[in-house]
Amino acid sequence: MLAEKYIETLTKELESRRDALTAMSRTIWENPEIGHQEYTASKLLTEMLEDNGFTVEKGVCEMETAFSAVKKSGKPGPVIAFVAEYDALPQIGHACGHNLFCCSAVGAGIVLSQLQEELGGEVRVLGTPAEEGTVPNYGAKVVFVEKGYFDDVDAVFTAHGEGETVIERSLVAATMIKIKFKGVAIHAGGDQVHGKNALTAGMLCINNMNAIRQQNRPCDVVNSIVTDGGLAANTIPDNCELQFSVRSDTSEHLKRVLTNLEHSVQAAALVTGCEYEMEAVKNPMRDTKSNHQLGMVLAEYLDSIGAPYVQADSRNFAWDVGDITYVCPTLGSYFKMGSEEIICHTPGFREAAGSQLGFDGMMLAAKGMSVVACEYLVNPELREQAWKEFEATRK
């Protein structure tokens, strides 16, 4: 590893900031904020970046809690971006560990920037709100991509939490669809012949999707709920609203499932005589695939310090990092932050996010990302290989 001579410096710089990073992470954990309301978290993160020489622009992409922090060296070189997310879940708080790994991104960005005078290039830390799909307009990274914030970036690094360290995790493409059926309300014991049952349309739509599950790929995941099915049992409902969560291993395969869903809606409307509307979420997520060339560098570093890891796996989760992986080489790794038994979005995961094991995982992520980013800066061969892989697999 060409960056070996810098690892001690990066590690010492991060350890000197351990208490400050831990305190900031704990404060964010103690004050959980849902997407687009992360005012405390955004303020703490940007203040630390400003104190370390970054030029910070707040409220980017027309989102109050989003930010872009930049530190330029004045010398030519690659642009490295670290991505932070810092929203919590409603009621349960930081049960996804974002309080930890936003601090990892900030810490990694700061210590890498300490080497800029020698290595050149530019370091960015991008603050992306609302990763969790629990608020309107979630998936801010998709907006950052659309607004061109990654167009001139050479490599991107971000981290998440897990019960084990996973360097390369393939995640699926996903979206949410809202469907409304409009019928004609009639008393169920009266002139029901002239009614048009919107709830029946909704049930047919769900059953239609269930009927064609045999034609789905194993990676296709369709889940539905009824959010409005009528007001009184003695009245034929004139309104029914459904919500579908749809996932597939790639964005192209997702389109096929969405076409099947549209056909199921149309068939249900035709049979019942109802009208319908379909509405997709604003920021659908593309599938996430980390760059293997970057992942091998992280594996080499983890081997050198004796930290266990899994090189690669796949899950049916979705992450708005996926859109970034279609723009430039990206490494989105999961770092151990608790026992192997912890499960995301549960009280146990939330407690791990505020524990010593959690803070240790935060520091490991910061060290790992900064080392791989440093290697990218000093190793032209790695840069070439990472982009060659990207062009072959993600363009």
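The model is predicted, so local features need pLDDT of at least 70 and side-chain atom pairs pLDDT 80 or more, while totals for chains, interfaces and linings use all residues. Residues are numbered from 1 along each chain as its sequence is written, and side-chain values use heavy atoms, without hydrogens and water.

Asp-220 counts as buried because its relative accessibility is 8% (buried is under 20% relative accessible area, exposed over 50%, partly exposed in between; 1.4 Å probe, protein chains only). Two distances involve its side chain:

| Partner of the Asp-220 side chain | Distance |
|---|---|
| Ser-248, side chain | 2.6 Å |

The Ser-248 pair is a polar contact (N or O atoms within 3.5 Å; within protein, one must be able to donate a hydrogen and the other to accept it, and residues adjacent in sequence count only if both atoms are side-chain atoms). Beyond neighbours within four places in sequence, Asp-220 is in contact (heavy atoms within 4.5 Å) with Arg-247, Ser-248, Arg-256 and Val-257.

Across the whole structure, one cavity of 30 Å³ or more is found. On a 1 Å grid over the protein atoms alone, a cavity is a set of points where a 1.4 Å probe fits but cannot get out, and lining residues have an atom within 4 Å of a point. Helix α13 (residues 380-393) gives the most to the lining of the largest cavity, namely three residues.

Notes. On a 1 Å grid over the protein atoms alone, a cavity is a set of points where a 1.4 Å probe fits but cannot get out, and a pocket is an open set with protein on both sides within 12 Å along at least five of seven lines; lining residues have an atom within 4 Å of a point. Grid points are joined across faces, edges and corners, and a volume is the space filled by probe spheres set on the points. Helices (H or I, at least four residues) and strands (E, at least two) are DSSP runs, numbered from the N terminus.
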